[in-house]
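Here is a briefing for a first look. Read it with the sequence and the 3D view side by side.

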Amino acid sequence: MHRRSPTATVCLYATLVLGALVMLAPLAWMLLTSLKTYPEILRNPPAWLPAKPQWENYRTVWEGFAYYRFFLNSVFVAVMVIAGTLLTCCPAAYAFAYYDVRHKELIFGALLCTLMLPAQVTVIPLFKAFAAIHWVNTYLPLIVPAWLGGNVFGIFLLRQFFRTIPRSFIEAARLDGASEWTILWRLVVPMSLPAVLTVVIFTFLWSWNDLFNPLVYLQSESLVTLPVGLLYFIARAEQLTGGSLGSTPWHLVMTLATVMVVPVIVLFAFVQRRFVEGVAATGVKG
Amino acid sequence: MNHRRAETFWFWLFAGPAVVGFAAFSLWPMLESLWLSFCSYEVIAPPRFIGLQNYAYLFAHDLSFWPSVKVTLVFTVIQLPLAIGAALALALLLNQPVRGRGFWRAVYFLPSILPQAVFAVVFGYIFQADGGLLNRLLALGGIHGAAWTTSPTWALPVLIVISLWGFGYPMVIFLGGLQNVPRELYEAAHIDGAGAWARFRHITLPLISPVIFFNVVMGLIGSLKVFDLAYAFSVAQAQPTPGGPARATLFYGLNLYQQAFGYFHMGLASAMAWLLFAFILVVTFINFRVSRRWVHYGD
């Protein structure tokens with residue numbers, strides 16, 4: 001390969017650094033604001049750094065406004081959704097990868113079509129049905145679909161990966177008398193950990209970040225998850241702070257936003273390479 | 001039990017839950033929502049058949065339907081090329097031999113996995129007319145910034161700008177595609193004296209056209225269902241009804257939600273849902289037809 005000129009190298013890195021700063025700037029401002037006092041956020045021209053980082057803001061929202069509740073709700077829903085996804089998507093992917101059954105491709109194609117279906121198209125009949133069986137204002141509408149293979153993208157991703165495992169491995173295990181269930185969980189899934197991990201992360205992100213479904217199905221404030229909780233807080237912030245502040249306490253809002261974002265960033269830091277490669281693999285086969 | 005029967009048994013045992021889920025949470029709601037779209041259904045009373053009246057009302061009388069179509073289309077037409085362009089540009093940069101490629105890739109990808117609601121709230125704060133960071137910075141330069149979030153002119157452009165932080169998925173998929181382009185092709189072209197642009201135009205672009213196509217289709221569907229961003233933005237701006245100011249950010253998905261769960265016009269909203277579904281079908285079909293002309297699937 002030809003070598004890059006020094007000027008081109010400088011331009012390349014300068015662009016990358018500049019772009020990265022732009023990408024991270026809103027997050028940095030969120031974090032800085034979350035550590036300020038109320039007078040500091042009002043200051044004009046803006047105070048860049050808090051004179052003294054106000055870590056108390058975190059305690060204020062966590063305990064004072066019972067934010068730990070929204071946090072635990074989000075964790076609970078995410079864990080249940082991930083568990084259901086793994087328990088039903090792995091077998092389904094295995095079935096679509098290895099069994100030769102009539103109309104298999106047709107069924108799989110039908111499942112894949114749902115990827116194009118926006119939630120808004122199905123939400124009204126689902127809401128009507130869930131209301132009829134008194135599931136509205138419970139977590140069941142958020143969790144049960146995941147326990148019935150609701151993550152079609154996960155099935156697709158796992159199936160692609162399972163198919164790269166040589167058939168002879170599976171045949172050998174069958175000859176040894178292993179049941180299909182054992183082969184799936186003891187052989188195929190352990191051999192596919194990168195794909196399984198990618199599916200877990202995707203599922204976590206969808207559940208953790210989702211605003212639409214919790215907004216539709218959860219009504220009691222004690223049940224809502226973080227994204228809805230954040231909006232509740234903004235809508236009622238002045239009331240919550242006793243009207244003592246003249247305007248929205250943006251420092252506290254940014255504290256909540258940070259609490260919501262940190263678990264995602266920490267998780268991403270640990271698994272980003274695997275995860276990003278998993279994402280890249282989805283586009284290659286289309 | 002013979003082999004074939006056993007295989008069928010295990011297939012349905014393993015894939016059964018997913019097929020039931022498909023029937024219960026996708027197929028049935030689709031059909032039910034078609035039926036509801038021909039009904040007057042306001043929750044308190046059972047659905048009542050009224051034929052095509054919901055559709056007629058949407059097209060001819062409803063005040064929010066066409067504005068929400070327009071908002072969504074304007075957003076798509078401007079945002080999609082910008083996002084795809086940015087994703088491709090970054091992928092091309094990162095496909096060069098650079099130090100710490102994994103690090104850069106992670107930094108540019110990160111905003112895409114964060115909750116859209118958070119981005120809407122944080123940017124809403126930054127773009128605020130009084131007290132927002134942007135206008136305070138502009139004021140330092142002696143410029144009086146606009147009321148970005150409360151002006152019907154600026155609110156949608158602001159949302160477009162915010163959504164541009166989320167090009168991580170197409171970027172990573174482009175990178176995957178670029179890494180599949182054989183190196184020898186570039187070297188051969190280089191020896192033949194092809195410049196950087198010629199190599200991009202005649203080697204890279206045709207070879208990654210399936211990936212471009214994939215990203216365009218996914219991006220298109222994504223922009224048709226924008227909800228979290230617009231809804232959270234409205235709440236953070238304390239708008240009396242979502243989608244303001246003056247319906248300037250009333251995305252189709254937001255309008256549908258508002259009709260169904262704000263006003264309980266569930267029949268009308270079902271008609272909107274079916275129009276959206278039909279539109280996605282048509283667009284995807286056209287996409288696949290058009291793609292035959294320019295997408296190059298190799299051998």
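In helix H5 of chain B, the buried residues are Gln116(B), Ala117(B), Val118(B), Phe119(B), Ala120(B), Val121(B), Val122(B), Phe123(B), Gly124(B), Tyr125(B) and Ile126(B). Buried means that 20 or more other C-beta atoms lie within 10 Å of the residue's own; exposed means 12 or fewer, partly exposed is in between, and C-beta atoms are placed from the backbone. That is 11 of the 11 residues of H5(B) (116-126), so this helix is largely enclosed by the rest of the structure.

This is a predicted model: local features need pLDDT of at least 70, side-chain atom pairs count only at pLDDT 80 or more, and totals for chains, interfaces and linings use all residues. Residues are numbered from 1 along each chain as its sequence is written, while chains are lettered from A and ligands numbered from 1 in the order in which they are written.

**Confidence**
- The complex has an ipTM of 0.90 and a pTM of 0.91 from the predictor.
- Chain B has a mean pLDDT of 89, and 99% of its residues reach 70 or more. The pLDDT is the predictor's confidence in each residue, from 0 to 100.
- Where pLDDT is low, predicted coordinates should not be read in detail.

**Chain B as a whole**
- Chain B holds 13 helices and 2 strands. Both are DSSP runs numbered from the N terminus: helices are H or I with at least four residues, strands are E with at least two.
- Along the principal axes, the C-alpha atoms of chain B fill a box of roughly 80 × 75 × 35 Å.
- Of the 299 residues in chain B, 42% are buried.
- Take the contacts in chain B between residues at least 6 apart in sequence: 71% of them join residues at least 24 apart. Two residues are in contact if their C-beta atoms, placed from the backbone, lie within 7 Å.

**Where the chains meet**
- On chain A, 70 residues are in contact with 81 residues of chain B.
- H15(A) gives the most to the side of chain A that touches chain B, with 16 residues.
- By type, the residues on that side of chain A are 52 nonpolar, 15 polar and 3 charged. Here Ala, Val, Leu, Ile, Met, Phe, Trp, Tyr, Cys and Pro count as nonpolar, Asp, Glu, Lys and Arg as charged, and the others, Gly among them, as polar.

**The nonpolar core**
- The largest nonpolar core has 154 residues, and those with the most contacts inside it are Ala257(A), Val121(B) and Ala232(B). Such a core is a set of buried Ala, Val, Leu, Ile, Met, Phe, Trp, Tyr and Cys residues joined through C-beta atoms within 7 Å.
- H4(A) supplies the largest share of this core, 15 residues.
- What does Val121(B) touch, leaving aside its neighbours within four places in sequence? Its contacts are Leu230(A), Ile234(A), Val253(A), Ala257(A), Ala232(B) and Ala236(B).

**Two buried residues**
- Val235(B) sits in helix H11 (residues 228-236) of chain B. It counts as buried because it has 22 C-beta neighbours inside 10 Å.
- Val235(B) touches Leu231(A), Ile234(A) and Ala235(A), not counting residues up to four places away in sequence.
- Val235(B) and Ala120(B) are 115 residues apart along the chain, with their C-alpha atoms separated by 9.4 Å.
- Leu256(A) is part of helix H15 of chain A. It counts as buried because it has 28 C-beta neighbours inside 10 Å.
- Neighbours within four places in sequence aside, Leu256(A) is in contact with Val61(A), Tyr67(A), Leu230(A) and Phe233(A).

**A kinked helix in chain A**
- H1(A) bends by about 45 degrees at Leu24(A), shortly before the proline Pro26(A). The bend is the angle between axes fitted to the seven residues ending at a position and the seven starting there.
- The buried residues of H1(A) include Leu16(A), Pro26(A) and Leu27(A).

**Positive phi in chain B**
- Most residues other than glycine have a negative phi.
- Val43(B) has a positive phi, near 75 degrees. It is placed in the loop between strand S1 (39-40) and strand S2 (48-49) of chain B.
- Ala246(B) also has a positive phi, of about 50 degrees. Its loop runs between H11 and helix H12 (252-262) of chain B.
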